[in-house]
Amino acid sequence: MNISANVSLLALNTLALPGCAEFFCRVSTNEELAEALAYARAEKLTVTILGGGSNVVLAGDIAGLVVQIATRGIEQCPQGDDAQSIHWTAAAGENWHRFVQHTLAEKSYGLENLSLIPGLVGAAPIQNIGAYGLEISDRFVSLEALNMATGKAVHFSKSDCEFGYRDSVFKQGGAGQFVVTSVTVALSEQATVDISYPALAAAFAESSQKAPTPQQVSAAVCRIRQQKLPDPAVQPNAGSFFKNPVLSSEQWQQLQAEYPQLPGYPQPDGTIKLPAAWLIDQAGWKGAAGQGCGVHREHALVLVNSGACSGQQLLQLAGDIVVDIEQRFGILLVIEPQVFGSLNTPV
Ligand code: EPU
C-alpha cells in the first residue's frame, strides 16, 4: 500500500472537477484497505472513500486520506436461501455494469434494468442505485463492510441498510462510518423481465420484440441511457444532479391544478414522485450555461462541466436552480451526488 501526498483527483471524478487529496492511496485487497484505515487512525486523518467518482461533486481539496477502492472478484455463492434464487457476491471495487453483464452471461437474471449505471459495486447500496423501475434494494441480500473507527468487519442485512429512494443508512446515521467491501444480491434463473417503466415500454412498443429476453432489456436500457445521458468521457457529468421530489397526493394535486401537464409517478406508499427534470425544464433551464458549466441540452436533470469549471461554480449553478424551482413551484430540490472537500480546507 502506497500513500502519496497532494494527489490530483481531477481524473478520478466523472465531473472532471479540480481538487487534491491531502493523502491518497489505492487499495486492491481488503487487507490493504484495513491497513490504510489503521494508518489513518494512527495519524488521526479523516478518511474519504472514493469509488468510481461518478456520483461525487468535488467542492475543492480533500483533507486527510482519500482511499480509492480497487478490489476485484465476482462469485456465485453456494446457494440462496430458497431454491429459486441464485446469490452473487461482488467485491466493492468491481465495475457495476461489468457485474450486471457477468450475471446475465451466467444466466442469472434480475439486474438487467440497472445496466450501464456508472460507478462501482460498493457505492451501489449507499445511494440505493435505481433506474427503469428497479432499485438495487429489490435484489439486495446483504453487504460486508469495515467499521472505519475500529477496523472491524460488519455484516449488514437488507433491513440494517434502511434503504429508501436514493438513500440508505450509509447516507444517514451511518454516514462516514463504514466502508463497503462486498455486496450480495439474489438473482433468478427465471427470465422474468419488467419493462413497465415508460421509456422502456415505449422502446419495446416500437420494436418487434414483444417478449424480450433479459439480455434484450439490458441492451435497450443501454441504448436509452446512451441516447438520454451524456457520456462523461465526452461531457463530464455525474448523472442526475437532483433527486426527484416526493410529494403527498394532496400536494401533488394542488400543483397539478396549476400545471395540468405535471407528470407524477404514484409510489406504493401513496406518495407521488415527480420528475425534477420536468420542473427544471419548465423553468427554462435546459441548455442554460453557468460559468464553465451548464444544464445538459437533452436532459434537464444533468449538469455538465462544459469547460474547466470548479466545484464551487457548479454548486453555484445548482444553487441558482434550487432557488428558482422553489420560487416557482414551492418545491425544494435536493442534490443527489455526494459533495466532497471544500475550497476553504487548508491542505
Ligand atoms: N423530463 C423533462 N425534461 C427533460 C428530461 C425529462 O421534462 O429534459 C421529464 C419527462 O416527463 C420524463 C421524466 O422527466 O418522462 C422522467 O425522465 P427520465 O425517464 O429520464 O427519468 P428521471 O426521473 O429524470 C430517473 C433517475 C435516473 C434514471 C432514470 C430512469 C433520479 C434522480 N434519476 O431520472 O438515474 O436513470 O430515472 O429510471 O431518480 C442517476 O441517478 O444518475 C440517474 C441517471
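How many residues in the lining of the second largest pocket are nonpolar, how many polar and how many charged? Point 5 gives the count. The model is predicted.

1. **The largest nonpolar core.** Start with the largest nonpolar core, which has 44 residues. Six of its members touch the most other members: Phe 242, Leu 279, Ile 280, Leu 314, Ile 321 and Leu 333. H7 gives the largest share, seven residues.

2. Look next at Phe 242. Setting aside its neighbours within four places in sequence, Phe 242 is in contact with Ala 276, Ile 280, Leu 301, Ala 318, Ile 321, Val 322, Leu 333, Val 334, Ile 335 and Glu 336. Another core, of 39 residues, lies apart from the largest one. Its members include Phe 99, Val 121, Tyr 132 and Phe 163.

3. **Helix H7.** H7 has 19 residues, so at 1.5 Å a residue it should span 27 Å. Its end C-alpha atoms are 26 Å apart, which agrees. The buried residues of H7 are Gly 311, Leu 314, Leu 317, Ala 318, Ile 321, Val 322, Asp 324, Ile 325 and Phe 329. Their cover includes E4, H5, H6, E17 and strand E18 (302–305). After H7 comes Gly 330, with a positive phi near 70 degrees.

Glu 326 also sits in H7. Is Glu 326 buried, exposed or partly exposed? Its relative accessibility is 40%, so Glu 326 counts as partly exposed. Not counting residues up to four places away in sequence, Glu 326 touches Ile 331 and Leu 332. Arg 139 is 187 residues from Glu 326 along the chain, and their C-alpha atoms are separated by 35 Å.

4. **The largest pocket.** Its volume is about 1,600 Å³. The lining has 50 residues. Gly 130, Ala 131, Tyr 132, Arg 166 and Arg 225 lie nearest the centre of this pocket. Two or more lining residues come from each of strand E8 (130–131), strand E9 (134–135), helix H3 (198–205), helix H4 (214–228), strand E13 (237–240) and strand E15 (265–266). Which element gives the most to this lining? E13 does, with four residues. By class, the lining divides into 22 nonpolar, 19 polar and nine charged residues.

5. **The second largest pocket.** This pocket holds about 590 Å³ of space. Here 33 residues form the lining, and Ile 49, Ala 123, Ile 126, Gln 338 and Phe 340 lie nearest the centre. Strands E3 (47–50), E12 (178–188) and E19 (338–340) are the elements that give two or more residues to the lining. E3 gives the most, with four residues. Now for the opening question: the lining has 20 nonpolar residues, twelve polar and one charged.

6. **Helix H4.** H4 has 15 residues. From first C-alpha to last it reaches 21 Å, close to the 21 Å expected at 1.5 Å a residue. Its buried residues are Pro 214, Val 217, Ser 218, Ala 220, Val 221, Cys 222, Ile 224 and Arg 225. Helix H2 (96–105), E8 and H3 are among the elements that cover them.

7. **Asn 113.** This residue is found in the loop between H2 and E8. Asn 113 has a relative accessible area of 4%, so it is buried. Leaving aside neighbours within four places in sequence, its contacts are Ala 131, Tyr 132, Leu 134, Asp 194, Leu 200, Val 217 and Val 221. Asn 113 and Cys 222 are 109 residues apart in sequence, yet 9.0 Å apart in space, C-alpha to C-alpha.

8. **Phe 140.** Phe 140 belongs to strand E10 (residues 140–147). Why does Phe 140 count as buried? Its relative accessible area is 5%, and buried means under 20%. Pro 125 is 15 residues from Phe 140 in sequence and 8.3 Å from it in space, C-alpha to C-alpha. Apart from neighbours within four places in sequence, Phe 140 is in contact with Pro 125, Phe 156, Ser 157, Lys 158, Cys 161, Phe 163, Val 183, Thr 184 and Val 185.

Conventions:
Residues numbered from 1 in each chain as written. Predicted model: local features only at pLDDT ≥ 70, side-chain atom pairs only at ≥ 80, totals over all residues. Heavy atoms only, no water. Core = buried A, V, L, I, M, F, W, Y, C linked by side-chain atoms within 4.5 Å. Buried < 20%, exposed > 50% of the residue type's maximum accessible area, 1.4 Å probe, protein only. Contact = heavy atoms within 4.5 Å. 1 Å grid on protein atoms, 1.4 Å probe; cavity = no way out; pocket = protein on both sides within 12 Å on 5 of 7 lines; lining within 4 Å. Points joined across faces, edges and corners; volume = space filled by probe spheres on them. Nonpolar A, V, L, I, M, F, W, Y, C, P; charged D, E, K, R; others polar. Expected span 1.5 Å × (residues − 1).
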